[in-house]
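This report describes side-chain contacts, with attention to charged pairs and aromatic rings. Please consult the sequence and coordinates below alongside the text.

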Amino acid sequence: MPSAHIIGLGRSGIAAARLLRREGWQVDVSDAGQSEGLVKTQQTLAAEDISVHLNLKFSLAALAELDLDRPDRIVVSPGVPWQLPALEEARSQGIETFGELELAWRYLQQYPWIGITGTNGKTTTTAIVEAIFKAAGLRAPACGNIGYSACELALAGEPLDWVIAEVSSYQIESSPTLAPTIGVWTTFSPDHLERHGTVECYREIKALLLNQSKQKILNGDDQGLIKGLPWRWSDAYWTSSHGPSLPNGCNGQRCPVPHIFIEEGWVKVEGKPIVAVESMRMLGAHNQQNLLLAVAVAHLAGIGKDAIATAVSTFPGVAHRLEHICTWQGVDFINDSKATNYEAAQTGLAAVNYPAILIAGGEAKVGDDQAWLQTIQAQAAKVLLIGSAADDFSQRLKAIGYDDYEIVETMDKAVTRSAELAPSLQAKSVLLSPACASFDQYRNFEKRGDHFRQLCQDLLQ
């Protein structure tokens with residue numbers, strides 16, 4: 001019986017373990033944690049003949065100490081660094097090593113895939129695409145970084161029309177044979193440099209998904225994509241919210257002509273109107289870009305404009321991304337917890353009604369914060385700082401001459417303080433848009449956003 005070792009006991013790792021066990025593999029799982037929830041999962045999987053080893057930092061030596069056989073295959077969950085020395089050692093010894101998404105691809109590649117990546121915008125674009133395909137009567141669930149883990153779809157064994165996958169750079173680098181029918185690149189800016197090292201490395205990892213996609217769609221409004229990419233894929237489909245030409249030029253080179261663009265208030269495909277922009281319920285110019293990318297996918301997949309129009313007009317938006325929670329005493333409270341980097345946070349702040357009270361902070365990331373700071377100066381009446389980045393952010397704000405900030409440390413204090421300040425500041429919005437990861441105070445950005453939502457709803461009691 002072939003043996004496999006799964007690293008990581010999250011949703012994707014559990015699904016990968018169950019899939020391989022069903023296929024006749026001997027399966028072990030390791031996780032560095034040892035929480036009560038992990039112990040319960042360990043007990044559940046033991047009943048399914050899957051061994052789980054908690055409080056274990058993976059290495060071949062650690063497996064040997066447990067008298068575990070050298071695995072024939074190692075499957076890595078997305079949160080596990082691909083360049084981990086223990087994984088480098090396993091690959092050097094010829095052990096087949098790849099990610100959970102790659103495993104799912106091997107069982108689901110008989111279906112056409114849509115792979116959507118990008119620094120920002122990929123979750124919203126993926127969700128709109130899923131809504132359009134559903135409106136067209138197609139079975140095309142979203143997976144990957146949104147919805148199901150991809151291996152859960154493979155486990156279900158149900159026939160599909162399409163697989164729609166939101167794909168992070170972590171998943172791309174560990175999925176060597178993933179080759180979508182349609183690949184989408186939403187935006188590009190520096191992110192995850194603590195893992196990938198350089199901007200160039202991060203860019204090339206993203207580009208791998210497009211290289212292996214039969215058809216390619218890119219956002220022509222994004223400067224990070226325009227720089228250097230139009231000539232890499234001459235057959236790519238480009239979008240533009242500024243009409244039938246790309247808005248910012250192409251560094252002196254000839255620009256590609258957008259196939260899907262906004263003109264006279266309509267999203268047009270090859271010049272033909274498909275859906276009115278005003279029918280979209282989401283805030284912000286960036287969501288017009290996401291809409292264009294989703295319409296481009298639908299067009300290449302052969303979906304008619306009636307299904308597109310129905311889906312767009314009823315799509316409510318994505319949780320934790322400019323999610324309107326409530327209006328309290330005339331002030332909109334908006335959850336943008338998914339804004340975990342400076343570009344996403346700048347986009348969120350620029351999209352809401354101002355003057356705004358901004359709640360920011362968490363576990364800081366490497367990146368260019370200048371546009372974010374400029375938008376704070378222009379639109380934020382007050383910045384309330386939380387988490388481990390609070391002191392650092394306060395110094396950055398002070399350095400640009402912005403003094404309207406307070407360090408409040410926790411989400412509870414931030415929401416309470418924002419409600420106290422809103423009337424005197426004549427604020428129109430209170431926005432949680434952290435520009436940070438959540439891991440200093442929360443398990444993930446969803447938990448952070450859920451906490452904010454509950455605190456806001458408590459104001460209405």
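Asp 49 and Arg 21 form a salt bridge in which the closest N and O atoms are 2.8 Å apart. The model is a predicted one. Arg 21 counts as partly exposed because its relative accessibility is 21%, and the buried class is limited to values under 20%.

**Salt bridges**

In total, 21 salt bridges are counted. Another of them joins Glu 48 to Arg 18, at 2.9 Å from N to O. Glu 48 lies in the loop between helix H2 (36–46) and strand E3 (51–54), and Arg 18 in helix H1 (residues 11–22), so this pair ties together parts that are 30 residues apart in sequence. Glu 48 is partly exposed, at 31% relative accessibility, and Arg 18 is likewise partly exposed, at 30%.

A further salt bridge, between Asp 336 and Arg 321, has an N to O distance of 2.4 Å. Here the linked parts are the loop between strand E16 (331–335) and H14, which holds Asp 336, and the loop between helix H13 (305–314) and strand E15 (323–328), which holds Arg 321; the two residues are 15 apart. Both Asp 336 and Arg 321 are buried.

| Asp 49 | Arg 21 | 2.8 Å |

**Aromatic rings**

Across the whole structure, nine aromatic pairs are found. One of them is the tilted pair of Tyr 342 and Trp 372, with 5.4 Å between centres and 45° between planes. This pair also links distant parts of the chain: Tyr 342 is in helix H14 (residues 342–351) and Trp 372 in helix H15 (residues 370–379), 30 residues apart. Tyr 342 is buried, with a relative accessible area of 4%, and Trp 372 is buried as well, at 3% relative accessibility. Separately, Trp 185, Phe 188, Tyr 202 and Trp 233 make up one aromatic cluster.

**Charges over rings**

Arginine side chains also meet aromatic faces. The charged end of Arg 91 sits over the ring of Trp 82, at 4.2 Å from its centre.

Methods:
Residues numbered from 1 in each chain as written. Predicted model: local features only at pLDDT ≥ 70, side-chain atom pairs only at ≥ 80, totals over all residues. Heavy atoms only, no water. Phe/Tyr/Trp six-rings, centres within 6.5 Å; stacked < 30°, edge-to-face > 60°. Helix = DSSP H or I, 4+ residues; strand = E, 2+ residues; numbered from the N terminus. Buried < 20%, exposed > 50% of the residue type's maximum accessible area, 1.4 Å probe, protein only. Lys NZ or Arg CZ within 6 Å of the ring centre and 35° of its normal. Salt bridge = Lys/Arg side-chain N within 4 Å of Asp/Glu carboxyl O.
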